[in-house]
Amino acid sequence: MNGAHAPVLHDEVIAALAIRPDGNYVDGTYGRGGHASSILGLLGERGRLIVMDRDPQAIADAQQRLGDDSRVTIIHDDYANLYRQLEDLGLLEQIDGILLDLGVSSPQLDDASRGFSFQRNGPLDMRMNPRAGQSAAAWLRQAEEAEIARVLWEYGEERHSRRIARKLVAARDKQPIDDTATLARLIGEALPRSRQQRHPATRSFQAIRIHVNQELAQLQRFLDSVIDILRVGGRLLVISFHSLEDRLVKRFFKRHSSRQAPPRGLPLRENEIDSVVRLRLVGKAQKAGDDELESNPRARSAVLRVAERAA
Ligand SMILES: C[S@@+](CC[C@H](N)C(=O)[O-])C[C@H]1O[C@@H](n2cnc3c(N)ncnc32)[C@H](O)[C@@H]1O
């Protein structure tokens, strides 16, 4: 459905947030507001909701839908900058719940002009915020072959990363690779024929998108500052869509929810060891049930992890 975005793991998110009507909540990835509007519906007059997105179209949607609600603050920025934004609002350590629903939204994928899709031809852009950073086409114009291969391998786990990189670098001298159909065709030509069900460009498109949007760096910067944003007892919810994101979240939760033994042999005194457990895990990782999968195939790879600030 064009322009719509069915919120993934909606009921699980709302249950895990355990919303207090007068609490302060953050949706760091507004999208089309599926989760945000349900959160808002559970807040009373004194509750507060901060919504962020890096995509100007998502922000325009938030302004249209929620702009008149005095409980809502709308911020066009990367969620990696949440700490600084909340510092400006005087809300550090006062947040009861934060949701990140990572990745791209259906409207971004469905709109050919955004350049995310190999199924619909469009300019090869792939930026969630087209006003910042470098488009996929600009990156592919100047990146070295080894760098292209590394991105395809690291972020797409593409087995044929080197072959594809070689093909793209050879092709770009003869013709610009500046639309999604050209890129998809070149990737297809670089790969051995197979009976794979997935389009041969799936992994490479994911990898280039992750690189262009610095998705893992964003998530890591956010995680590095998020504990001091929450109040004690406040909850962090992250929905990830591939193993690279989920691994960062899982490691972060593990590191802060258990006491770490210091590396052996380090001459540390007792009081120099970072022994405070700052997070408590809330339940296990959750996935979408059969009902949701039937109506929303996008939920297939979604994993929700929840933790709360312990100290
Ligand atoms: C999967 S959608 C969120 C859908 C939303 N939960 C809903 O119910 O409509 C992800 C959204 O996060 C945004 N996004 C991704 N990375 C971001 C970042 N680093 N900072 C801010 N927004 C980001 C995207 O622009 C996109 O709109």
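Glu 93 counts as partly exposed, at 41% relative accessibility; partly exposed denotes the range between buried, under 20% relative accessible area, and exposed, over 50%, with a 1.4 Å probe and protein chains only. The structure is a predicted model, in which local features need pLDDT of at least 70 and side-chain atom pairs count only at pLDDT 80 or more, while totals for chains, interfaces and linings use all residues. Residues are numbered from 1 along each chain as its sequence is written, and side-chain values use heavy atoms, with hydrogens and water left out.

Glu 93 is not a glycine, yet has a positive phi of about 60 degrees. This residue belongs to the loop between helix H4 (82-88) and strand E4 (95-101); helices (H or I, at least four residues) and strands (E, at least two) are DSSP runs, numbered from the N terminus. A positive phi, of about 50 degrees, is also found at Leu 9, again not a glycine. Leu 9 is located in the segment before helix H1 (10-17) and is buried, its relative accessible area being 0%.

Strand E4 contains Asp 96, a buried residue with a relative accessible area of 8%. In strand E3 (residues 72-76), His 76 is partly exposed, with 32% relative accessible area. The C-alpha atom of His 76 is 6.3 Å from that of Ile 59, a residue 17 positions away along the chain.

The ligand sits in the largest cavity. On a 1 Å grid over the protein atoms alone, a cavity is a set of points where a 1.4 Å probe fits but cannot get out, and a molecule sits in one if more than half of its atoms lie within 2 Å of its grid points. Around the ligand there are 25 residues, of which His 35, Asp 53, Tyr 79, Asp 101 and Gln 218 come nearest; a residue is near a molecule if one of its heavy atoms lies within 4 Å of it. This shell comprises six nonpolar, 11 polar and eight charged residues, where Asp, Glu, Lys and Arg count as charged, Ala, Val, Leu, Ile, Met, Phe, Trp, Tyr, Cys and Pro as nonpolar, and the others, Gly among them, as polar.

A polar backbone atom of Arg 32 is 2.9 Å from an oxygen atom of the ligand, and a backbone N or O atom of Gly 34 is 3.1 Å from a ligand oxygen atom. At Tyr 79, a backbone N or O atom lies 2.8 Å from a nitrogen atom of the ligand. The protein covers 99% of the 600 Å² of accessible area that the ligand has on its own, by the Shrake-Rupley method with a 1.4 Å probe.

Terms used:
A polar contact is a pair of N or O atoms within 3.5 Å; within protein, one must be able to donate a hydrogen and the other to accept it, and residues adjacent in sequence count only if both atoms are side-chain atoms. On a 1 Å grid over the protein atoms alone, a cavity is a set of points where a 1.4 Å probe fits but cannot get out, and a pocket is an open set with protein on both sides within 12 Å along at least five of seven lines; lining residues have an atom within 4 Å of a point.
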